[in-house]
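Student: Could we go through this structure together, in questions and answers, taking one topic at a time?

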Amino acid sequence: MSRVVVLGSGVSGHTAAAFLRKWLGRGDTVTVVSPKDHYNWIPSNIWVGVGLMRPDQVTFPLRPVYERAGIAFVHGAARAIHPEGDRADATPYVMVEPTAAPGTRVKVPYDYLINATGPRLRFDRTPGLGPDGFSHSVCTEDHAVHAARAFDESVQRMRKGERQQFVVGVGHGTCTCEGAAFEYIVNLEFELRARGVRDKADITWLTNEYELGDFGMGGMHFRTGGYVQPSSAFNASLFAERGIRWVTRAHTTAVERGRAHYETVDGTQGELPFDFAMLLPPFSGVGLTALDRDGADITARLFQPNEFMKVDADYAAKPYEQWRARDWPRTYQSPAYRNIFAAGIAFAPPHAISKPYQTPSGAAVAPAPPRTGMPSAMIGKAVAASIVDMIRGADGPTHTASMAEMGAACVASAGANPFTGTAASMTVFPIIPDHERYPEYGRDLDRTFGEIGLAGHWIKILLHHLFLYKARLRPGWSLIPE
Amino acid sequence: MPTPTPHVATPTRWTLFLRTFIPWQLWRFAMINLRMLGIIRSSHH
């Protein structure tokens, strides 16, 4: 009998747990440890954030799903990993703080561990950033609900004749998820038009991207109209068409009531007044610690300084120009302990995909690599398959899911209406540019494309329902691709 | 960087029309789904 413990119930952890349960025998146990007892389909939070969906349309309770599937659930936050057990017992375990009893700890033993804890939202890295400060977020369904309320208040003021300033983007030079903020700003603009108040709105995109359309993945190139066009042109066109202004290459230095301050790579110190701001935070790992058998701190053996977990990647420090696609991990196994894996946002990327810059004052303007739903789910599934094989006698991981060898399909909503809405449908292959295989653009242009239209919105709606169906582990769920 | 909108390509009326023209979008719906399925298939190892 083997015990597999999954930390986290987001896209990656939930996918891993579901496949483990499907593939392992009933004598083996699968346990999910998570401080959240409900699943949130985060890509649809942008629609909650403009008031088009209720939170219960993007979430569902996990306990009944896990009970039906035969997955044990521990409602609590993992605090420390003890990969060698302790002096009394060499069985590895995770120390968990139960949500129902804050301050206490319970041991959850494991034979195999998947760290899929996702990110910690670091609003604290920029003074005044976030729902406890002066800006909004759509990172969680609760944040999105608050954003929707504030957005609605702005619309009411505009209906009374007031002019409103909107600032949307990222709240720090090292943020990731520019794609989610991009979806939010174009949906916000679409909604203002739908509500008949667009003429009273000034909308500005504030981003750490060196060029528009970078999305933390060094941008993309598409074949279109007889040209190979960069995604910067695609995004600039989309913004210009919608009357959205932009500030690129920026590190947001502070947010105060009604004003966002920034510094750009060329040293410009600027500020943007706002009535409503949605600025995403930078991420770090969740701050797990690791202790050896004697209780000595071995956190640095398992984790990078940014609190994400080290896996089978090449973490050697080298100049940006020397980074290679093969530096990226393939099996997601910890080099320190063969029975520990990290999946989804929890693994430490070996380097940035987008070229990092600095402002003259030394602030990093370096978009972090995105790890969106599709790769996160595929990594979770590959890790689950490897663990199943290792339980059955394999010497090591048998499945790989390198982001340098997989593509991603992404649909960015640009307005939610079944007849007048649009979305940007994009595919990239591979996610991590491979300039050895594809010297010119780093990606296969036959498999990298972008297009905007109503069909994209239909696909976005389809994916919303399909992935929530799959996550609920309804009949046939495993037939739906990641 | 300041917003250089005068230097940006913008869609023609025909392009805008096609973006929400249902018959064309039904065709694109099928084609984009096929493309995405191809990406998914080639990404699983």
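Tutor: What follows is a set of questions and answers on a predicted model.

Student: What does the secondary structure of chain B come to?

Tutor: Chain B has 45 residues, of which 22% are buried. Its accessible surface is about 3,200 Å², and carbon and sulfur atoms account for 71% of that area. As for secondary structure, the count for chain B is two helices and zero strands.

Student: Which residues of chain B make the nonpolar surface patch of about 570 Å²?

Tutor: Both α1 and α2 of chain B contribute to this nonpolar patch, each with at least two residues. One of the members, F17(B), lies in helix α1 of chain B, and its relative accessible area of 39% makes F17(B) partly exposed. The residues that make the patch are W14(B), F17(B), F21(B), W24(B) and W27(B).

Student: Which element gives the largest share of the lining of the second largest pocket?

Tutor: The second largest pocket holds about 770 Å³ of space, and among its 29 lining residues those closest to the centre are T224(A), F234(A), G450(A), E451(A) and I452(A). Elements of both chains give two or more residues to this lining, namely β12 (221-224), β13 (227-230), α6 (231-242) and β26 (449-453) of chain A, along with α1 (13-19) and α2 (22-43) of chain B. The largest share, five residues, comes from α6(A).

Student: How many nonpolar, polar and charged residues does that lining have?

Tutor: The lining of the second largest pocket consists of 29 residues, and the question is how they divide by class. The division is twelve nonpolar, ten polar and seven charged residues.

Student: Turning to salt bridges, how far apart are the closest N and O atoms of K355(A) and E321(A)?

Tutor: The whole structure has 31 salt bridges over all chains. The pair in question links distant parts of chain A, 34 residues apart, with K355(A) in the loop between β21 (340-342) and β22 (357-358) and E321(A) in the loop between α7 (299-302) and β21. K355(A) is partly exposed because its relative accessibility is 38%, whereas E321(A), at 51%, counts as exposed. The closest N and O atoms of K355(A) and E321(A) are 3.4 Å apart.

Student: Are K381(A) and E482(A) buried or exposed?

Tutor: The side chains of K381(A) and E482(A) form a salt bridge with an N to O distance of 3.5 Å. This pair too joins distant parts of chain A, 101 residues apart, since K381(A) sits in helix α8 (residues 373-391) and E482(A) in the segment after α9 (454-471). Both K381(A) and E482(A) are buried.

Student: Why does D444(A) count as buried?

Tutor: D444(A) meets R447(A) in a salt bridge, at 2.9 Å from N to O. R447(A), at 25% relative accessibility, counts as partly exposed. The cut-off for a buried residue is under 20% relative accessible area, so D444(A) counts as buried because its relative accessibility is 14%.

Student: Which residues are joined into one network by salt bridges that share partners?

Tutor: Here the salt bridges are connected through their shared partners, and the residues joined into one network are R79(A), E97(A) and R105(A).

Student: Now to the backbone: what is the omega value of the cis peptide bond that joins F429(A) and P430(A)?

Tutor: Most peptide bonds are trans, and most residues other than glycine have a negative phi. P430(A) is placed in the loop between β25 (423-428) and β26 of chain A. The bond joining F429(A) to P430(A) is cis, with an omega of about -10 degrees.

Student: What is the phi of C177(A)?

Tutor: C177(A) is in the loop between β10 (164-170) and α5 (178-194) of chain A. Its relative accessibility is 28%, so C177(A) counts as partly exposed. Phi is positive in this residue, which is other than glycine, and the value for C177(A) is near 65 degrees.

Student: Is Y332(A) buried or exposed?

Tutor: Y332(A) lies in the loop between α7 and β21 of chain A. Y332(A) also has a positive phi, near 70 degrees, in a residue other than glycine. Since its relative accessibility is 0%, Y332(A) counts as buried.

Note on methods. Residues are numbered from 1 along each chain as its sequence is written. Chains are lettered from A and ligands numbered from 1 in the order in which they are written. This is a predicted model: local features need pLDDT of at least 70, side-chain atom pairs count only at pLDDT 80 or more; totals for chains, interfaces and linings use all residues. Side-chain values use heavy atoms; hydrogens and water are left out. Helices (H or I, at least four residues) and strands (E, at least two) are DSSP runs, numbered from the N terminus. Buried means under 20% relative accessible area, exposed over 50%, partly exposed in between (1.4 Å probe, protein chains only). Accessible areas come from the Shrake-Rupley method with a 1.4 Å probe; for residues, only the protein chains shown count as cover. A salt bridge is a side-chain nitrogen of Lys or Arg within 4 Å of a carboxyl oxygen of Asp or Glu. On a 1 Å grid over the protein atoms alone, a cavity is a set of points where a 1.4 Å probe fits but cannot get out, and a pocket is an open set with protein on both sides within 12 Å along at least five of seven lines; lining residues have an atom within 4 Å of a point. Grid points are joined across faces, edges and corners, and a volume is the space filled by probe spheres set on the points. Ala, Val, Leu, Ile, Met, Phe, Trp, Tyr, Cys and Pro count as nonpolar, Asp, Glu, Lys and Arg as charged, and the others, Gly among them, as polar. Patches are made of residues with over 30% relative accessible area and no salt bridge: like charges are joined within 9 Å, nonpolar side chains (Val, Leu, Ile, Met, Phe, Trp, Tyr) within 5 Å.
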